[in-house]
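This briefing goes through one structure topic by topic.

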Amino acid sequence: MDRERSGMSGLESRLPFLRRVEIEGKGRALVASQSLGAGQIVLRDSPILLYSALPFVKNKNNDNPSSNNSYCSNCFRTLQQSSVSCPSCSPHHAALFCSPNCQSSSVAHSPWVCQALSRLRDCPSLLLHEDRQVQASFLIAAYNLALVSPSHFQILLSLQGEAEASPPPPEAHFLHSIISSLCPPQGISGFSLQLTASLLAKDKFNAFALMEPFAQDGYRSVRAYGIYPNASFFNHDCLPNACRFDYVDTESDCNTDIIVRLIHDVPQGREICLSYFPVNQNYSSRQRRLMEDYGFACQCDRCKVEANWSDEDDEEEEVMDEEGDQDEPMAVEDSDTDFPHAYFFLRYMCNRENCWGTLAPLPPSNGSPSNVLECNVCGNLKKEDDEVDGDSGEEVLLMDD
Ligand SMILES: C[S@@+](CC[C@H](N)C(=O)[O-])C[C@H]1O[C@@H](n2cnc3c(N)ncnc32)[C@H](O)[C@@H]1O
């Protein structure tokens, strides 16, 4: 039976645990198509587009030790001593690959991309702005996608994010004029300022960050961004019921896949949400970030409670979050009786210093739930006690120690 006649959408046949619905005020959303248990993998998704989060040329104040020479330009694994360089790039700034196989199979580093990136390095107005360099990398990857995989480009175009502002914002003008000067190949249909602005908006709302490994000092910057065609439909909740894992440095072929697992049991029909950033941020930081980066005011249950808190309840010392931004964390104390969600933090927030990751149980095996929780930032595994109290949970293994 074909899919249309069976009444099953393409998405439902590929994602057996999820159903796509429209929710007023949120747009498209993913809900559980059946009741699901803690630790269940509800999605494994491969990127349609990946691009480096690192500028081509760093400014003097950038003390991030990573550079584009740190990761394979195709699979973004950390490069080991032996790497293969692109023979067409300029010798001083050649794209590096972890293996001849990665080099030859890279559609992302096409001849046009290779040439475009080399020319961007000679563009003085761009070199002053690291953020614009990264946005230029995205646009090159997106316009390359239009050529090498038109169907994936259509998926990118279908994601949330329109160029709302009319006329387009100054950065779209600036970046479009730069991309126009790179002789975009014939055959990109609709190449225009409006399309560039729209692509930038889609990137802003939908890109997932693939992070550098967790370091004890808490500094953890992004190594690459990816656009994931199905994961892009997860909405945000400040107390999520799922979280996503990635294992970029793994040997597996699908090292840039992201995996979304449930934090706790979810009944059929309940929306499955991620938190778009670490859950420890306080109310005002969360609201500011969601408005600036994603264009909405969050009205989740946690925000409704915290909206009524006083300023003293809402402020605390500063920490670095997972993308190295400074944001204000909230204080969580065992005795915090005003806060009905405190249980979530005690049970599902990693208590390793400077981590702020979220814990989700390992997938059930043979139908039995696991009592081992994994942190999605530092990879710590923690055995959960039957009764969770402030300091519960025995650490069973440090994955990267
Ligand atoms: C990654 S997309 C999620 C899927 C999106 N709803 C769609 O229709 O394609 C992110 C966008 O979804 C919307 N969104 C996500 N979480 C939301 C929430 N809790 N409340 C309202 N809108 C939300 C915002 O427009 C945000 O920019």
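Two strands count as paired if DSSP finds at least two bridges between them. By that criterion, S3, S11 and S10 form an open sheet of three strands, in the order S3-S11-S10, with antiparallel pairing. The model is predicted. The chain contains 13 helices and 18 strands and is divided into domain 1 (18-45 + 228-397) and domain 2 (49-209).

- S10 and strand S11 (residues 258-262) run antiparallel and are joined by five bridges.
- Asp246 has Ile258 in S11 as its bridge partner.
- In general, the strands of a sheet pair through backbone hydrogen bonds, in either a parallel or an antiparallel arrangement.

**Strand S8 and its partners**

- Strand S8 (residues 222-227) is joined to strand S7 (residues 208-211) by four bridges, and the two run antiparallel.
- Within this pairing, Met211 has Val222 in S8 as its bridge partner.
- S8 also pairs with strand S4 (residues 49-52), again in the antiparallel sense and over four bridges.
- Here the bridge partner of Ser52 in S8 is Ala224.
- Six of the six residues of S8 are buried, so the strand is largely enclosed by the rest of the structure.
- S7 has a covered face made of Phe208 and Leu210, and an uncovered face made of Ala209 and Met211.

**Domains and their contact**

- The contact between domain 1 and domain 2 takes 13 residues from domain 1 and 13 residues from domain 2.
- On the side of domain 1 that touches domain 2, the residues divide into six nonpolar, four polar and three charged.

**The ligand shell**

- There are 18 residues around the ligand, and those that come nearest are Gly27, Arg28, Gln160, Asn235 and Tyr294.
- By class, the shell around the ligand holds eight nonpolar, eight polar and two charged residues.
- Domain 1 and domain 2 each contribute at least three residues to the shell around the ligand.
- At least two shell residues come from each of strand S2 (27-32), helix H9 (193-206) and strand S9 (235-236).
- S2 provides the largest share of the shell, three residues.

- Trp356 has a phi near 65°, a positive value in a residue other than glycine.
- This residue lies in the loop between helix H13 (342-348) and strand S15 (359-361).
- A residue is buried if 20 or more other C-beta atoms lie within 10 Å of its own; Trp356 has 25 C-beta neighbours inside 10 Å and therefore counts as buried.
- Asn366 also has a positive phi, near 50°, and is a residue other than glycine.
- Asn366 is found in the loop between S15 and strand S16 (372-375).
- Is Asn366 buried or exposed? With 4 C-beta neighbours inside 10 Å, Asn366 counts as exposed.

- Gln268 is located in the loop between S11 and strand S12 (273-274).
- Gln268 has 11 C-beta neighbours inside 10 Å and so counts as exposed.
- Leaving aside neighbours within four places in sequence, Gln268 is in contact with Ala32, Ser33, Gln34 and Ser35.
- The C-alpha atoms of Gln268 and Leu36 are 7.2 Å apart in space, although the two residues are 232 residues apart in sequence.

**Whole-chain figures**

- The chain has 401 residues, and buried residues make up 37% of them.
- Of the contacts in the chain with a separation of 6 or more, 63% are between residues 24 or more positions apart.

Definitions and conventions:
Residues are numbered from 1 along each chain as its sequence is written. This is a predicted model: local features need pLDDT of at least 70, side-chain atom pairs count only at pLDDT 80 or more; totals for chains, interfaces and linings use all residues. A residue is near a molecule or strand if its C-beta atom, placed from the backbone, lies within 6 Å of it. Ala, Val, Leu, Ile, Met, Phe, Trp, Tyr, Cys and Pro count as nonpolar, Asp, Glu, Lys and Arg as charged, and the others, Gly among them, as polar. Domain bounds come from an automatic or database domain assignment. A residue is buried if 20 or more other C-beta atoms lie within 10 Å of its own, exposed if 12 or fewer, and partly exposed in between; C-beta atoms are placed from the backbone. Two residues are in contact if their C-beta atoms, placed from the backbone, lie within 7 Å.
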